[in-house]
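The stops below are given in the order in which to select them.

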Amino acid sequence: MVAAMTDGRIAYGFWRYGPNDLRIALEMLSCAREAGVTHFDTADIYGGRAHFGAAETLLGQARKAAPSLFKGVQIATKAGVEYGTPYNSSKDYLEKAINASLGRLDIECVDIWYIHRPDFLA
């Protein structure tokens with residue numbers, strides 16, 4: 001759940017979180033912040049097929065519950081993985097994906113938004 005970034009900083013990833021993990025997420029975010037982490041990473045697909053978007057929703061809930069943990073933090077999310085495709089980098093899909101992510105995160109913009117995996121058909 002923690003991955004090194006290219007410039008040596010550390011990111012905290014929300015890959016394994018589901019819809020009912022707010023308590024543990026807040027504890028882990030607090031520990032991450034105490035360790036100097038300022039980059040939180042998630043994706044629309046995190047939460048799995050049954051809970052697509054759950055990690056983004058959880059991160060949005062955490063922002064509301066403990067706004068001080070998010071001061072000076074970069075938030076990154078990803079899109080482009082569509083169940084059944086498996087990839088979709090079309091303009092229409094990506095527009096829907098970013099708007100859905102912003103809604104789940106309950107935020108007006110993200111600091112970094114990128115394609116989750118290369119789409120070799122795009």
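Start with cysteine 109, which counts as exposed at 52% relative accessibility; buried means under 20% relative accessible area, exposed over 50%, and partly exposed in between, with a 1.4 Å probe and protein chains only. This is a predicted model, in which local features need pLDDT of at least 70 and side-chain atom pairs count only at pLDDT 80 or more, while totals for chains, interfaces and linings use all residues. Residues are numbered from 1 along each chain as its sequence is written, and side-chain values use heavy atoms, with hydrogens and water left out.

Next select cysteine 31, which is partly exposed at 46% relative accessibility. How many disulfides does a search of the whole structure find? The search returns 0, a disulfide being a pair of cysteine sulfur atoms within 2.5 Å.

Now select residues 74-79, which form strand E4. Helices (H or I, at least four residues) and strands (E, at least two) are DSSP runs, numbered from the N terminus. Of the 6 residues in E4, 5 are buried.

Aspartate 41 has alanine 76 in E4 as its bridge partner. Follow the chain from E3 through helix H2 (residues 54-65) to E4: this β-α-β crossover is right-handed. The term applies if, with the strands pointing away from the viewer, the path from the first strand over the helix to the second runs clockwise.

Threonine 77 stands opposite tryptophan 113 in E5. The chain crosses from E4 to E5 through helix H3 (residues 91-105), again as a right-handed β-α-β crossover.

Return to aspartate 41 in strand E3 and show its side chain. Is aspartate 41 buried or exposed? Aspartate 41 is buried, with a relative accessible area of 12%. Its side chain makes a polar contact of 2.7 Å with that of tyrosine 114 (N or O atoms within 3.5 Å; within protein, one must be able to donate a hydrogen and the other to accept it, and residues adjacent in sequence count only if both atoms are side-chain atoms). Leaving out residues up to four places away in sequence, aspartate 41 also touches residues including Tyr12, Phe14, Tyr46 and Lys78, contact meaning heavy atoms within 4.5 Å.

Finish at alanine 11 in strand E2 (residues 10-13). Alanine 11 is buried at 8% relative accessible area. Its C-alpha atom is separated by 6.9 Å from that of threonine 38, 27 residues apart along the chain.

Terms used:
Two strands pair if DSSP finds at least two bridges between them.
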